[in-house]
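Here are my notes on this model, point by point. Please keep the structure open while you read.

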Amino acid sequence: MTRITFALIFLMFLSLITTTSLWAQQEEPLRIVAIGAHPDDSDIQFGGTAALFAQMGHAVKFVSVTNGDAGHQEEGGGMLAKRRMAESDEAARRLGIDEYVVLDNHDAELQPHLHIRHQIIREIRNWDADIVISHRPNDYHPDHRNAGILVTDAAYLVIVPNVAPDTPPLESNPVFLYFQDRFQKPSPFTPHIAVDITDVFDTKIQGLDAHESQMYEWLPWTAGMLDQVPDDPQDRIEWLSEHRTRPITPEVRQALEKWYGEEHAQNIQHAEAFEIAEYGSQPSDDVIRRLFPMLPGTE
Ligand SMILES: [Zn+2]
C-alpha cells in the first residue's frame, strides 16, 4: 500500500466517522399537522410558518376536514371539490410541505359527528404528530367552529387505544394550537407563540395563489370586490399580497418581542401567531423553542 493510498483510505474513514456522528446528533424531524375546515384555511393561517418548518427539514401535513364543494358562486359539487383538491396539491408543492389531505365531507355542512372525529384522530395518529393546529371553536363560519370542536375532541382521545382501535394510539399527547382569529367572545385569541414569516411571505402568497377558485373568484365575490381582481398573473400576486397582509396587533407584537427580542420584533413585517390549547400537552417555553426551531434560542 502506497503512502497516498493509505492517506486516502484514512481520510475516507475519517469522513465516515464524522458523518455518522453528525447523523446521530441530529434530532428527528418534527411532525406537524394543520387541520383546517376548508382547503385553504391552513394556508391562510399557517402557510408561512409551514414553509419555514419545511425549509428546515421538518414534516408538515395539511388536512382539510371538508372537500370545499360549496365554496363558489358559480360552481359546486364534485367538480368543484376536484378543482380544489388540485389547487391544494399545487399549494403544498409551492409551500414545500409533504402532504395535503382533503377529507371527503361536504362543505358548509360540517357537524362534530363521531365518524369525523375518528377520521381526525386517525390523521393525527398516522402522522405521529408533535404539533396539531386548528381553529378555535368560536368563529363566524360553522365549519371552522365545528372543525375546532372536532380537533379539540380528538386532543385527549388520540392516546386512548380503545378509540378508533384500527389505528395505533400515540404514546403521548401532542401540543394542540389554535390559529389566530379576531373573535372576542367568549374570549379573545391569545398569541402565546408568534413567528416572523417576513422572509417567507412571498412563498406563502405563492401558495395562496394556487387556490385560484378562492383567492380570485369566491372570496372576492363574497366581499363584493370581484371586479377589482386583476387578470394579469403578476398583478394578481401583488393584489393578493396587499389583501393577505394581516396587520400585526399589539398583542402579537408583544409576543414577537418575547420570542425574538425587542429590536428584531420591531422590524418584523409579517407574522403568524398561535394560541396553546388547554387540552393536549402543555409546553414550557423551552419546549416551544424546540418545537418551533425558527425561533431564536435563548442566550
Ligand atoms: Zn375556511
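1. The main core. This is a predicted model. Its largest nonpolar core holds 59 residues. Within that core, Val33, Ile35, Ile124, Val132, Ile133 and Ala194 touch the most other members. Take Ile133 as a way in. Leaving out residues up to four places away in sequence, Ile133 touches Ala34, Ile35, Phe46, Leu177, Phe179 and Phe274.

2. Overall build. The chain has 11 helices and 7 strands. Its radius of gyration is 21 Å, close to the 19 Å from the globule rule for 299 residues, so the chain is as compact as a globular protein of that length. The C-alpha atoms fill a box of roughly 80 × 50 × 40 Å along the principal axes. Of the 299 residues, 40% are buried. Among contacts with a separation of 6 or more, 78% join residues 24 or more positions apart.

3. Ala277 sits in strand 7, which spans residues 271-280. Is it buried or exposed? Ala277 is buried, because 22 other C-beta atoms lie within 10 Å and the cut-off for buried is 20 or more. Neighbours within four places in sequence aside, Ala277 contacts Thr152, Ala155, Phe176, Leu177 and Tyr178. Leu177 is also on the contact list of Ile133. The C-alpha atoms of Ala277 and Ile133 are 9.2 Å apart, yet 144 residues separate the two along the chain.

4. Helix 3, length and buried side. Helix 3 runs over residues 77-95, 19 residues in total. From its first C-alpha to its last it reaches 27 Å, close to the 27 Å expected at 1.5 Å a residue. Which of its residues are buried? They are Leu80, Ala81, Arg84, Glu87, Ser88, Ala91, Ala92 and Leu95. These residues lie on the same side of helix 3, because they cover an arc of only 140° around the axis. Note that Arg84 and Glu87 are on the buried list.

5. On the face turned away from the buried side, Gly78 and Met79 are exposed. Just after helix 3, Gly96 takes a positive phi of about 80°.

6. Positive phi without glycine. Two residues deserve a look here. Asp128 is not a glycine, but has a positive phi of about 50°. Asp128 falls in the loop between helix 4 (114-127) and strand 4 (131-134). Asp128 counts as partly exposed, because 14 other C-beta atoms lie within 10 Å. Ala164 is not a glycine either, and its phi is positive at about 45°. Ala164 belongs to the loop between helix 5 (142-157) and strand 5. Ala164 is buried, because it has 21 C-beta neighbours inside 10 Å.

7. A cis peptide bond. Check the bond from Lys185 to Pro186. This peptide bond is cis, with omega near 0°. Where is Pro186? Pro186 is in the loop that links strand 5 (175-179) and strand 6 (193-196).

Definitions and conventions:
Residues numbered from 1 in each chain as written. Predicted model: local features only at pLDDT ≥ 70, side-chain atom pairs only at ≥ 80, totals over all residues. Helix = DSSP H or I, 4+ residues; strand = E, 2+ residues; numbered from the N terminus. Expected span 1.5 Å × (residues − 1). Buried ≥ 20, exposed ≤ 12 C-beta atoms within 10 Å, placed from the backbone. Arc of directions from axis to C-beta. Core = buried A, V, L, I, M, F, W, Y, C linked by C-beta atoms within 7 Å. Contact = placed C-beta atoms within 7 Å. Rg over C-alpha atoms; globule rule 2.2 N^0.38 Å.
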